[in-house]
Amino acid sequence: MSGGPERVDAIVVGARCAGSAAAVALARSGRRVVALDRGRFPSDTLSTHLLWPSTVAELAALGVLPAVEALGAPRLPWALAGGAGVQLRGRFRPVDGIGHALCVRRPGMDAALVATARAAGAEVRERARVTGLVRDRDGRVAGVRWRHAGGDGGERELRAPLVIGADGRRSLVAREVGAEQPYRSSVSGRACYFGYWEDPHEGWRDTAAQWRDGPELGTAFPCDGGLVLALLQPPVARVAAFRADLEGEYRATIARIGPMAERLAGARLVGRVRSATGIASYFRRSAGPGWALAGDAGHFKDPVTAQGIRDALRYGRELGAAAAPLLDDPAALDPALRAWERRRERECLEVYQWTNGLARGEPLSPLEAELYRVAAQRPALVSDMLEVFSRQRRPSRVLSPPRAAMIAGRALLRRGARGAALHAAGRELAGAWADSRERARA
(Lines give C-alpha, C1' and ligand atoms only; values in the text may rest on other atoms or scores of the structure.)
Protein backbone atom coordinates (compact mmCIF):
# COMPACT_ATOMS: atom_id res chain seq x y z
CA MET A 1 0.00 0.00 0.00
CA SER A 2 1.57 3.26 -1.17
CA GLY A 3 1.20 6.19 1.30
CA GLY A 4 -1.49 6.70 3.93
CA PRO A 5 -5.23 6.65 3.27
CA GLU A 6 -6.84 9.62 1.55
CA ARG A 7 -10.11 10.81 3.07
CA VAL A 8 -13.12 12.29 1.29
CA ASP A 9 -16.86 12.60 1.99
CA ALA A 10 -18.12 9.99 -0.49
CA ILE A 11 -16.74 7.51 -3.00
CA VAL A 12 -18.55 6.43 -6.15
CA VAL A 13 -17.33 3.30 -7.93
CA GLY A 14 -18.26 3.74 -11.59
CA ALA A 15 -18.80 7.09 -13.30
CA ARG A 16 -21.34 6.42 -16.01
CA CYS A 17 -25.08 7.15 -15.68
CA ALA A 18 -25.83 6.25 -12.06
CA GLY A 19 -22.36 7.11 -10.79
CA SER A 20 -22.18 10.54 -12.42
CA ALA A 21 -25.72 11.37 -11.30
CA ALA A 22 -24.89 10.49 -7.68
CA ALA A 23 -21.61 12.41 -7.86
CA VAL A 24 -23.36 15.52 -9.23
CA ALA A 25 -25.91 15.51 -6.41
CA LEU A 26 -23.27 15.00 -3.73
CA ALA A 27 -20.94 17.66 -5.12
CA ARG A 28 -23.71 20.22 -5.52
CA SER A 29 -24.51 19.67 -1.84
CA GLY A 30 -20.98 20.80 -1.00
CA ARG A 31 -19.52 17.35 -0.42
CA ARG A 32 -16.08 16.23 -1.56
CA VAL A 33 -16.79 13.22 -3.73
CA VAL A 34 -14.40 11.07 -5.76
CA ALA A 35 -15.68 8.84 -8.56
CA LEU A 36 -13.40 6.03 -9.72
CA ASP A 37 -13.89 4.42 -13.11
CA ARG A 38 -11.72 1.80 -14.76
CA GLY A 39 -12.47 3.28 -18.21
CA ARG A 40 -11.32 6.42 -19.98
CA PHE A 41 -13.87 8.87 -21.36
CA PRO A 42 -15.18 9.02 -23.98
CA SER A 43 -15.54 5.24 -24.27
CA ASP A 44 -18.31 2.85 -25.24
CA THR A 45 -20.28 0.40 -23.12
CA LEU A 46 -22.83 -2.24 -24.08
CA SER A 47 -26.14 -0.39 -24.07
CA THR A 48 -29.18 0.19 -26.29
CA HIS A 49 -29.51 3.85 -25.15
CA LEU A 50 -33.01 4.89 -26.19
CA LEU A 51 -34.07 7.74 -23.89
CA TRP A 52 -37.82 8.17 -23.44
CA PRO A 53 -39.05 11.70 -22.58
CA SER A 54 -38.83 10.83 -18.87
CA THR A 55 -35.15 9.96 -19.33
CA VAL A 56 -34.51 13.17 -21.25
CA ALA A 57 -36.15 14.99 -18.33
CA GLU A 58 -33.64 13.33 -15.98
CA LEU A 59 -30.79 14.68 -18.11
CA ALA A 60 -32.36 18.12 -17.83
CA ALA A 61 -32.63 17.78 -14.05
CA LEU A 62 -28.89 17.08 -13.88
CA GLY A 63 -28.11 20.04 -16.14
CA VAL A 64 -26.45 17.87 -18.77
CA LEU A 65 -29.14 18.02 -21.47
CA PRO A 66 -27.64 20.91 -23.50
CA ALA A 67 -24.34 19.03 -23.79
CA VAL A 68 -26.12 15.82 -24.77
CA GLU A 69 -28.27 17.56 -27.37
CA ALA A 70 -25.14 19.16 -28.84
CA LEU A 71 -24.04 15.65 -29.86
CA GLY A 72 -26.57 15.88 -32.69
CA ALA A 73 -29.12 13.14 -32.01
CA PRO A 74 -32.46 14.09 -33.60
CA ARG A 75 -35.45 14.72 -31.40
CA LEU A 76 -38.00 11.90 -31.61
CA PRO A 77 -41.47 13.29 -30.87
CA TRP A 78 -43.17 10.27 -32.50
CA ALA A 79 -43.34 6.58 -31.65
CA LEU A 80 -44.50 3.73 -33.87
CA ALA A 81 -45.43 0.20 -32.81
CA GLY A 82 -46.27 -2.47 -35.37
CA GLY A 83 -48.01 -5.77 -34.64
CA ALA A 84 -51.17 -7.80 -35.28
CA GLY A 85 -51.34 -6.40 -38.80
CA VAL A 86 -51.58 -2.76 -37.66
CA GLN A 87 -49.16 0.08 -37.02
CA LEU A 88 -49.79 2.40 -34.11
CA ARG A 89 -48.36 5.88 -34.29
CA GLY A 90 -48.52 8.40 -31.49
CA ARG A 91 -46.92 11.54 -30.19
CA PHE A 92 -45.30 11.62 -26.74
CA ARG A 93 -47.01 13.61 -24.03
CA PRO A 94 -44.54 15.97 -22.33
CA VAL A 95 -42.72 15.06 -19.14
CA ASP A 96 -41.60 18.19 -17.26
CA GLY A 97 -42.03 20.10 -20.52
CA ILE A 98 -40.10 17.57 -22.65
CA GLY A 99 -42.15 15.88 -25.36
CA HIS A 100 -39.54 13.94 -27.28
CA ALA A 101 -37.27 10.94 -26.95
CA LEU A 102 -33.58 10.80 -27.90
CA CYS A 103 -31.22 7.99 -28.88
CA VAL A 104 -27.66 8.99 -28.01
CA ARG A 105 -24.61 6.75 -28.30
CA ARG A 106 -22.94 6.14 -24.98
CA PRO A 107 -19.42 7.49 -25.65
CA GLY A 108 -20.69 11.04 -26.10
CA MET A 109 -23.43 10.88 -23.49
CA ASP A 110 -21.23 9.38 -20.77
CA ALA A 111 -18.47 11.88 -21.47
CA ALA A 112 -21.03 14.69 -21.08
CA LEU A 113 -22.17 13.22 -17.75
CA VAL A 114 -18.58 12.99 -16.49
CA ALA A 115 -17.92 16.59 -17.56
CA THR A 116 -21.05 17.70 -15.70
CA ALA A 117 -19.93 15.87 -12.56
CA ARG A 118 -16.55 17.58 -12.73
CA ALA A 119 -18.15 20.97 -13.29
CA ALA A 120 -20.28 20.37 -10.19
CA GLY A 121 -17.11 19.85 -8.16
CA ALA A 122 -16.73 16.07 -8.18
CA GLU A 123 -13.33 14.54 -8.86
CA VAL A 124 -13.51 11.79 -11.49
CA ARG A 125 -10.45 9.55 -11.70
CA GLU A 126 -10.25 7.59 -14.92
CA ARG A 127 -8.44 4.28 -15.43
CA ALA A 128 -8.85 3.65 -11.72
CA ARG A 129 -9.56 0.01 -10.86
CA VAL A 130 -11.10 -0.71 -7.47
CA THR A 131 -9.68 -3.93 -6.03
CA GLY A 132 -11.64 -4.23 -2.78
CA LEU A 133 -13.44 -2.51 0.06
CA VAL A 134 -12.01 -1.19 3.33
CA ARG A 135 -13.93 -1.86 6.54
CA ASP A 136 -13.86 -0.48 10.07
CA ARG A 137 -13.35 -2.77 13.04
CA ASP A 138 -17.11 -3.19 13.40
CA GLY A 139 -17.42 -4.31 9.77
CA ARG A 140 -18.82 -1.06 8.41
CA VAL A 141 -17.70 -0.21 4.88
CA ALA A 142 -15.26 2.69 5.21
CA GLY A 143 -13.57 3.04 1.82
CA VAL A 144 -11.93 1.26 -1.11
CA ARG A 145 -8.57 0.00 -2.28
CA TRP A 146 -7.70 0.93 -5.85
CA ARG A 147 -4.97 1.04 -8.46
CA HIS A 148 -4.32 3.51 -11.26
CA ALA A 149 -3.63 1.80 -14.58
CA GLY A 150 -1.44 4.66 -15.76
CA GLY A 151 0.63 5.02 -12.59
CA ASP A 152 3.19 2.93 -10.75
CA GLY A 153 0.69 0.15 -10.15
CA GLY A 154 0.78 0.54 -6.36
CA GLU A 155 -2.42 -0.05 -4.42
CA ARG A 156 -3.92 2.97 -2.69
CA GLU A 157 -6.56 3.45 -0.03
CA LEU A 158 -9.40 5.94 -0.21
CA ARG A 159 -11.70 6.33 2.80
CA ALA A 160 -15.17 7.88 3.14
CA PRO A 161 -18.35 7.48 5.21
CA LEU A 162 -20.19 6.23 2.10
CA VAL A 163 -19.19 4.01 -0.82
CA ILE A 164 -21.68 3.89 -3.73
CA GLY A 165 -21.33 0.97 -6.09
CA ALA A 166 -22.39 2.14 -9.54
CA ASP A 167 -20.26 -0.46 -11.26
CA GLY A 168 -22.83 -2.36 -13.30
CA ARG A 169 -24.28 -5.86 -13.37
CA ARG A 170 -20.96 -7.47 -12.45
CA SER A 171 -20.54 -5.08 -9.54
CA LEU A 172 -17.44 -5.61 -7.41
CA VAL A 173 -19.06 -3.62 -4.62
CA ALA A 174 -22.13 -5.90 -4.64
CA ARG A 175 -19.85 -8.94 -4.47
CA GLU A 176 -17.75 -7.49 -1.65
CA VAL A 177 -20.77 -6.69 0.56
CA GLY A 178 -22.42 -10.06 -0.09
CA ALA A 179 -25.28 -8.67 -2.18
CA GLU A 180 -24.35 -10.21 -5.55
CA GLN A 181 -27.15 -12.81 -5.42
CA PRO A 182 -30.47 -11.05 -6.11
CA TYR A 183 -33.47 -11.51 -3.86
CA ARG A 184 -35.80 -11.15 -6.87
CA SER A 185 -34.89 -12.16 -10.43
CA SER A 186 -36.34 -13.22 -13.78
CA VAL A 187 -34.46 -14.82 -16.66
CA SER A 188 -35.26 -13.20 -20.01
CA GLY A 189 -36.74 -15.17 -22.86
CA ARG A 190 -34.98 -12.88 -25.33
CA ALA A 191 -31.43 -12.17 -26.46
CA CYS A 192 -30.25 -8.82 -27.79
CA TYR A 193 -28.37 -8.00 -31.02
CA PHE A 194 -27.83 -4.53 -32.44
CA GLY A 195 -25.85 -2.52 -34.94
CA TYR A 196 -25.68 0.98 -36.38
CA TRP A 197 -26.70 1.83 -39.94
CA GLU A 198 -26.15 4.94 -42.03
CA ASP A 199 -29.66 6.33 -42.23
CA PRO A 200 -30.76 7.65 -45.65
CA HIS A 201 -34.41 8.15 -44.65
CA GLU A 202 -34.76 11.71 -43.39
CA GLY A 203 -38.52 11.31 -43.09
CA TRP A 204 -38.07 8.65 -40.41
CA ARG A 205 -35.64 10.58 -38.24
CA ASP A 206 -38.34 11.91 -35.92
CA THR A 207 -39.73 8.46 -35.01
CA ALA A 208 -38.73 5.68 -32.59
CA ALA A 209 -40.13 2.48 -34.11
CA GLN A 210 -40.73 -1.06 -32.89
CA TRP A 211 -42.22 -4.07 -34.67
CA ARG A 212 -43.49 -7.45 -33.43
CA ASP A 213 -43.57 -10.28 -35.98
CA GLY A 214 -44.33 -13.67 -34.46
CA PRO A 215 -41.85 -14.13 -31.62
CA GLU A 216 -39.45 -11.62 -33.21
CA LEU A 217 -39.04 -8.06 -31.96
CA GLY A 218 -37.15 -5.38 -33.86
CA THR A 219 -36.59 -1.67 -33.31
CA ALA A 220 -35.11 1.26 -35.21
CA PHE A 221 -34.07 4.37 -33.29
CA PRO A 222 -32.43 7.32 -35.12
CA CYS A 223 -29.35 8.49 -33.21
CA ASP A 224 -26.42 10.88 -33.45
CA GLY A 225 -23.90 10.76 -36.29
CA GLY A 226 -26.60 10.35 -38.93
CA LEU A 227 -27.08 6.74 -37.82
CA VAL A 228 -30.00 4.56 -36.82
CA LEU A 229 -29.72 1.96 -34.09
CA ALA A 230 -31.33 -1.28 -35.32
CA LEU A 231 -31.91 -3.70 -32.48
CA LEU A 232 -33.31 -7.23 -32.49
CA GLN A 233 -34.54 -9.21 -29.50
CA PRO A 234 -35.24 -12.72 -30.80
CA PRO A 235 -36.27 -15.59 -28.51
CA VAL A 236 -33.35 -17.26 -26.71
CA ALA A 237 -33.98 -20.45 -28.71
CA ARG A 238 -32.29 -18.69 -31.64
CA VAL A 239 -29.04 -17.84 -29.82
CA ALA A 240 -27.23 -20.82 -31.37
CA ALA A 241 -28.11 -19.64 -34.90
CA PHE A 242 -26.82 -16.14 -34.15
CA ARG A 243 -23.68 -17.57 -32.57
CA ALA A 244 -22.96 -19.57 -35.74
CA ASP A 245 -23.30 -16.55 -38.06
CA LEU A 246 -23.87 -13.33 -36.13
CA GLU A 247 -24.09 -10.78 -38.94
CA GLY A 248 -25.76 -13.17 -41.36
CA GLU A 249 -28.52 -14.09 -38.91
CA TYR A 250 -28.92 -10.47 -37.87
CA ARG A 251 -29.45 -9.40 -41.48
CA ALA A 252 -31.75 -12.33 -42.24
CA THR A 253 -33.94 -11.59 -39.23
CA ILE A 254 -34.32 -7.95 -40.24
CA ALA A 255 -35.31 -9.11 -43.73
CA ARG A 256 -38.06 -11.30 -42.27
CA ILE A 257 -39.59 -8.40 -40.31
CA GLY A 258 -41.10 -6.72 -43.36
CA PRO A 259 -41.71 -3.16 -42.05
CA MET A 260 -38.28 -3.09 -40.40
CA ALA A 261 -36.66 -4.18 -43.66
CA GLU A 262 -38.48 -1.35 -45.43
CA ARG A 263 -37.30 1.11 -42.77
CA LEU A 264 -33.66 0.09 -43.37
CA ALA A 265 -33.87 -0.22 -47.17
CA GLY A 266 -30.85 1.49 -48.69
CA ALA A 267 -29.12 1.80 -45.31
CA ARG A 268 -25.57 0.49 -44.79
CA LEU A 269 -24.41 -1.36 -41.69
CA VAL A 270 -21.52 0.47 -40.02
CA GLY A 271 -19.16 -1.54 -37.83
CA ARG A 272 -19.91 -4.85 -36.17
CA VAL A 273 -23.07 -6.31 -34.74
CA ARG A 274 -23.04 -6.40 -30.94
CA SER A 275 -24.78 -8.92 -28.70
CA ALA A 276 -26.02 -9.48 -25.16
CA THR A 277 -27.22 -12.94 -24.14
CA GLY A 278 -27.97 -14.65 -20.86
CA ILE A 279 -29.97 -11.60 -19.71
CA ALA A 280 -31.67 -11.69 -16.31
CA SER A 281 -33.57 -8.90 -14.57
CA TYR A 282 -33.19 -8.51 -10.81
CA PHE A 283 -33.31 -6.57 -7.58
CA ARG A 284 -30.30 -6.86 -5.26
CA ARG A 285 -30.09 -5.76 -1.66
CA SER A 286 -28.83 -2.22 -2.23
CA ALA A 287 -28.11 -0.53 1.09
CA GLY A 288 -26.10 -1.37 4.17
CA PRO A 289 -23.71 0.16 6.73
CA GLY A 290 -21.66 2.65 4.74
CA TRP A 291 -22.64 1.42 1.27
CA ALA A 292 -25.32 1.54 -1.42
CA LEU A 293 -25.77 0.12 -4.93
CA ALA A 294 -27.03 2.39 -7.72
CA GLY A 295 -27.91 1.72 -11.35
CA ASP A 296 -27.47 -1.80 -12.70
CA ALA A 297 -25.36 -2.72 -9.69
CA GLY A 298 -28.53 -2.86 -7.61
CA HIS A 299 -31.44 -3.19 -10.03
CA PHE A 300 -31.62 -4.23 -13.69
CA LYS A 301 -34.49 -4.61 -16.16
CA ASP A 302 -34.46 -6.33 -19.55
CA PRO A 303 -33.67 -3.79 -22.32
CA VAL A 304 -36.96 -4.57 -24.10
CA THR A 305 -38.60 -1.53 -22.44
CA ALA A 306 -35.49 0.72 -22.36
CA GLN A 307 -35.87 1.80 -18.73
CA GLY A 308 -32.35 1.31 -17.37
CA ILE A 309 -30.77 4.68 -18.13
CA ARG A 310 -33.75 6.58 -16.74
CA ASP A 311 -33.65 4.69 -13.48
CA ALA A 312 -29.86 4.92 -13.21
CA LEU A 313 -30.01 8.70 -13.58
CA ARG A 314 -33.04 9.26 -11.35
CA TYR A 315 -32.14 7.03 -8.44
CA GLY A 316 -28.45 7.87 -8.63
CA ARG A 317 -29.38 11.53 -8.27
CA GLU A 318 -31.87 10.82 -5.48
CA LEU A 319 -29.33 8.67 -3.63
CA GLY A 320 -26.74 11.45 -3.68
CA ALA A 321 -29.27 14.03 -2.53
CA ALA A 322 -30.56 11.82 0.30
CA ALA A 323 -27.09 10.92 1.57
CA ALA A 324 -25.34 14.29 1.29
CA PRO A 325 -26.67 15.96 4.48
CA LEU A 326 -26.16 12.81 6.60
CA LEU A 327 -22.61 11.72 5.81
CA ASP A 328 -21.34 12.91 9.19
CA ASP A 329 -24.00 10.94 11.09
CA PRO A 330 -23.92 7.17 10.41
CA ALA A 331 -26.90 6.58 12.70
CA ALA A 332 -29.02 8.79 10.41
CA LEU A 333 -27.30 7.83 7.12
CA ASP A 334 -28.04 4.11 7.25
CA PRO A 335 -31.84 4.46 7.64
CA ALA A 336 -31.85 7.06 4.85
CA LEU A 337 -30.07 4.61 2.54
CA ARG A 338 -32.60 1.89 3.34
CA ALA A 339 -35.48 4.31 2.76
CA TRP A 340 -34.01 5.23 -0.63
CA GLU A 341 -33.75 1.53 -1.52
CA ARG A 342 -37.37 0.83 -0.52
CA ARG A 343 -38.62 3.84 -2.49
CA ARG A 344 -36.78 2.66 -5.62
CA GLU A 345 -38.29 -0.81 -5.27
CA ARG A 346 -41.83 0.49 -4.80
CA GLU A 347 -41.55 2.82 -7.77
CA CYS A 348 -39.85 0.31 -10.09
CA LEU A 349 -41.49 -3.01 -9.23
CA GLU A 350 -44.56 -2.79 -11.46
CA VAL A 351 -42.47 -1.67 -14.43
CA TYR A 352 -40.07 -4.55 -13.70
CA GLN A 353 -42.99 -7.00 -13.80
CA TRP A 354 -44.39 -5.51 -17.00
CA THR A 355 -40.94 -5.65 -18.62
CA ASN A 356 -40.54 -9.32 -17.70
CA GLY A 357 -43.82 -10.05 -19.49
CA LEU A 358 -42.62 -8.37 -22.69
CA ALA A 359 -39.32 -10.26 -22.38
CA ARG A 360 -40.93 -13.70 -22.58
CA GLY A 361 -39.81 -14.15 -26.20
CA GLU A 362 -43.25 -15.16 -27.44
CA PRO A 363 -45.58 -13.94 -30.21
CA LEU A 364 -48.25 -11.45 -29.33
CA SER A 365 -50.93 -13.20 -27.29
CA PRO A 366 -54.54 -12.95 -28.53
CA LEU A 367 -55.15 -10.29 -25.87
CA GLU A 368 -52.05 -8.28 -26.85
CA ALA A 369 -53.05 -8.49 -30.51
CA GLU A 370 -56.55 -7.28 -29.67
CA LEU A 371 -55.05 -4.39 -27.68
CA TYR A 372 -53.15 -3.33 -30.82
CA ARG A 373 -56.34 -3.51 -32.91
CA VAL A 374 -58.35 -1.49 -30.39
CA ALA A 375 -55.58 1.10 -30.08
CA ALA A 376 -55.49 1.48 -33.86
CA GLN A 377 -59.04 2.86 -33.58
CA ARG A 378 -58.46 4.93 -30.41
CA PRO A 379 -55.53 7.37 -30.55
CA ALA A 380 -55.96 8.23 -26.86
CA LEU A 381 -55.14 4.61 -25.98
CA VAL A 382 -51.89 4.86 -27.97
CA SER A 383 -50.96 7.90 -25.90
CA ASP A 384 -51.80 5.99 -22.71
CA MET A 385 -49.52 3.14 -23.81
CA LEU A 386 -46.67 5.55 -24.51
CA GLU A 387 -47.10 7.05 -21.05
CA VAL A 388 -46.18 3.66 -19.57
CA PHE A 389 -42.81 3.78 -21.35
CA SER A 390 -42.32 7.34 -20.10
CA ARG A 391 -43.27 6.34 -16.53
CA GLN A 392 -46.23 8.72 -16.45
CA ARG A 393 -48.79 5.91 -16.10
CA ARG A 394 -48.63 2.49 -14.45
CA PRO A 395 -49.14 -0.54 -16.73
CA SER A 396 -52.11 -1.65 -14.61
CA ARG A 397 -53.83 1.66 -15.30
CA VAL A 398 -53.65 1.14 -19.05
CA LEU A 399 -55.13 -2.35 -18.76
CA SER A 400 -57.63 -1.47 -16.05
CA PRO A 401 -60.20 -4.18 -15.26
CA PRO A 402 -62.95 -2.64 -17.44
CA ARG A 403 -60.61 -2.16 -20.39
CA ALA A 404 -59.07 -5.62 -19.97
CA ALA A 405 -62.55 -7.16 -19.89
CA MET A 406 -63.52 -5.30 -23.08
CA ILE A 407 -60.37 -6.45 -24.89
CA ALA A 408 -60.80 -10.04 -23.69
CA GLY A 409 -64.43 -10.00 -24.85
CA ARG A 410 -63.43 -8.83 -28.32
CA ALA A 411 -60.70 -11.46 -28.51
CA LEU A 412 -63.17 -14.20 -27.53
CA LEU A 413 -65.55 -13.14 -30.30
CA ARG A 414 -62.83 -13.33 -32.94
CA ARG A 415 -63.47 -16.35 -35.17
CA GLY A 416 -61.20 -19.29 -34.48
CA ALA A 417 -59.47 -17.63 -31.54
CA ARG A 418 -61.73 -18.53 -28.59
CA GLY A 419 -59.53 -21.30 -27.16
CA ALA A 420 -56.30 -19.32 -27.44
CA ALA A 421 -57.99 -16.22 -26.04
CA LEU A 422 -59.34 -18.14 -23.04
CA HIS A 423 -55.90 -19.58 -22.34
CA ALA A 424 -54.26 -16.14 -22.65
CA ALA A 425 -56.90 -14.54 -20.42
CA GLY A 426 -56.36 -17.18 -17.76
CA ARG A 427 -52.61 -16.77 -17.84
CA GLU A 428 -52.78 -12.97 -17.73
CA LEU A 429 -55.27 -13.01 -14.87
CA ALA A 430 -53.07 -15.37 -12.86
CA GLY A 431 -50.00 -13.26 -13.63
CA ALA A 432 -51.73 -10.03 -12.67
CA TRP A 433 -52.84 -11.56 -9.36
CA ALA A 434 -49.32 -12.83 -8.58
CA ASP A 435 -47.80 -9.47 -9.52
CA SER A 436 -50.22 -7.53 -7.34
CA ARG A 437 -49.44 -9.78 -4.37
CA GLU A 438 -45.71 -9.29 -4.95
CA ARG A 439 -46.17 -5.52 -4.98
CA ALA A 440 -48.25 -5.68 -1.80
CA ARG A 441 -45.41 -7.50 -0.03
CA ALA A 442 -42.70 -5.11 -1.25
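How many nonpolar, polar and charged residues does the lining of the second largest cavity have? By class, this lining has two nonpolar, three polar and six charged residues. Here Ala, Val, Leu, Ile, Met, Phe, Trp, Tyr, Cys and Pro count as nonpolar, Asp, Glu, Lys and Arg as charged, and the others, Gly among them, as polar.

The model is predicted: local features need pLDDT of at least 70, side-chain atom pairs count only at pLDDT 80 or more, and totals for chains, interfaces and linings use all residues. Residues are numbered from 1 along each chain as its sequence is written, and side-chain values use heavy atoms, with hydrogens and water left out.

Two cavities of 30 Å³ or more were found in the structure. A cavity is a set of points, on a 1 Å grid over the protein atoms alone, where a 1.4 Å probe fits but cannot get out. A pocket is an open set with protein on both sides within 12 Å along at least five of seven lines. Lining residues have an atom within 4 Å of a point. Grid points are joined across faces, edges and corners, and a volume is the space filled by probe spheres set on the points.

The second largest cavity has a volume of about 60 Å³. Its lining is formed by R190, R212, G357, L358, R360, G361, E362, P363, S365, E368 and R427.

The largest cavity has a volume of about 80 Å³. It is lined by G295, D296, H299, F300, K301, G308, D311, A312, Y315 and R344. Two elements give two or more residues to this lining: β22 (299-300) and α9 (308-323). Helices (H or I, at least four residues) and strands (E, at least two) are DSSP runs, numbered from the N terminus. The largest share, four residues, comes from α9. By class, three residues of the lining are nonpolar, three are polar and four are charged.

The second largest pocket has a volume of about 1,200 Å³. Its lining holds 46 residues, and the closest to the pocket centre are T45, D167, G168, R169 and D296. D296 also lines the largest cavity. Elements that give two or more residues to the pocket lining are α1 (17-28), β3 (33-37), β9 (128-135), α5 (172-176), β14 (192-198) and α9. Again α9 gives the most, with four residues. The pocket lining divides into 20 nonpolar, 13 polar and 13 charged residues.

Several single residues were also examined. A cis peptide bond joins F41 and P42, with omega about 0°. P42 lies in the loop between β3 and β4 (50-51). H49 is found in that loop too. Phi of H49 is near 50°, a positive value in a residue other than glycine. H49 counts as buried (under 20% relative accessible area; exposed is over 50%, partly exposed in between, with a 1.4 Å probe and protein chains only). The relative accessibility of H49 is 2%.

A84 is not a glycine, yet its phi is positive, at about 60°. The residue sits in the loop between β5 (78-83) and β6 (86-91). A84 is partly exposed because its relative accessible area is 29%.

E58 lies in helix α2 (residues 53-62). With a relative accessible area of 5%, E58 is buried. Beyond its neighbours within four places in sequence, E58 is in contact (heavy atoms within 4.5 Å) with R310, L313, R314 and R317.
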